[in-house]
Amino acid sequence: MAEDYLTDDEQLEHVKRLAAEYGPWTIGAVVLGLAFVTGYRYYQGHQDQRALAAGAQFEGMALAVQRNDQAAARQIAGGLVKDFPGTPYADQAQLALAGLYVDQGEDANAIAPLTAVMEHSKDTELRRVARLRLARVLIDQGKADDALNLLSADANPGPFAARYHDVRGDAYFAKKDPQKAAEEYKAALAEGNGGEGMDAALLTLKIADLGLAPAPATAAVPGVIATPSGAPPAAAPPKATH
């Protein structure tokens with residue numbers, strides 16, 4: 001470059017001109033960079049403090065639930081939802097609130113927190129958990145069709161497929177449709193041998209409790225021995241002669 005052939009004095013003058021021309025921009029960039037780093041560190045520290053505060057409140061809510069202190073648990077859960085919206089702590093608090101309402105027979109009050117998690121949580125699994133619990137609340141309220149529609153709105157429940165089938169079975173059972181209930185319970189069993197978190201023994205018991213008659217046996221035909229379904233009939237053995 002041409003600057004390589006300048007004398008020392010000429011190079012010094014060249015640097016001065018560059019500083020005069022670009023100095024304000026360089027200083028501004030440095031200031032902005034420092035402000036960004038400082039702001040990010042402040043933001044990160046603020047977020048860490050919020051997370052610690054939310055965690056402490058959540059732990060207090062869990063202890064209140066364990067002590068069966070419904071009033072304290074509801075108060076803390078409400079505070080988490082208000083002060084830390086959009087966080088996993090708020091989602092879990094909403095689910096806890098819904099559970100407390102159901103335990104107290106206040107199913108109608110459980111709908112709002114479950115709906116909030118189902119529609120707004122950033123966690124896919126929590127959204128599906130809320131959908132399942134809301135469907136069960138609707139079934140308990142005698143709204144089995146609404147529960148079925150709610151579950152159908154999630155066309156691809158992924159690892160929750162078995163649980164969806166199970167709750168659908170409960171909805172059909174409530175509608176007094178044992179045939180469809182049995183189909184859903186059997187589908188739940190078929191999903192990964194009962195599905196994640198599913199109780200195969202309980203599903204089998206549900207199917208048995210439906211009281212459905214077994215498939216009718218093939219009518220007996222003279223001279224023909226009944227065989228398992230799908231196998232060709234066997235001729236009856238000849239009668240013994242004396």
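**Charges and a helix face**

Reply: Start with D166, which is buried at a relative accessible area of 7% (buried is under 20%, exposed over 50%, partly exposed in between, with a 1.4 Å probe and protein chains only). This is a predicted model, where local features need pLDDT of at least 70, side-chain atom pairs count only at pLDDT 80 or more, and totals for chains, interfaces and linings use all residues. Residues are numbered from 1 along each chain as its sequence is written, and side-chain values use heavy atoms, leaving out hydrogens and water.

Me: Which residue does D166 meet in a salt bridge?
Reply: Side chains of opposite charge can pair when their charged atoms come close. Here D166 meets R136, at 3.3 Å from N to O (a salt bridge puts a side-chain nitrogen of Lys or Arg within 4 Å of a carboxyl oxygen of Asp or Glu). D166 sits in helix α7 and R136 in helix α5, 30 residues apart (helices are DSSP runs of H or I, at least four residues, numbered from the N terminus).

Me: Which residues join R136 in one network?
Reply: Shared partners link R136 with D166, D170 and K206. R136 to D170 is 2.9 Å between the closest N and O atoms.

Me: Which residues of α9 are buried?
Reply: An α-helix has 3.6 residues a turn, so residues three or four places apart point the same way. In α9 (residues 200–209), L203, K206 and I207 are buried. They fall within an arc of 100 degrees seen down the axis, so they line one face (the arc is taken from directions from the helix axis to the C-beta atoms). The face turned away carries exposed A201, A208 and D209.

How values were computed:
Helix = DSSP H or I, 4+ residues; strand = E, 2+ residues; numbered from the N terminus.
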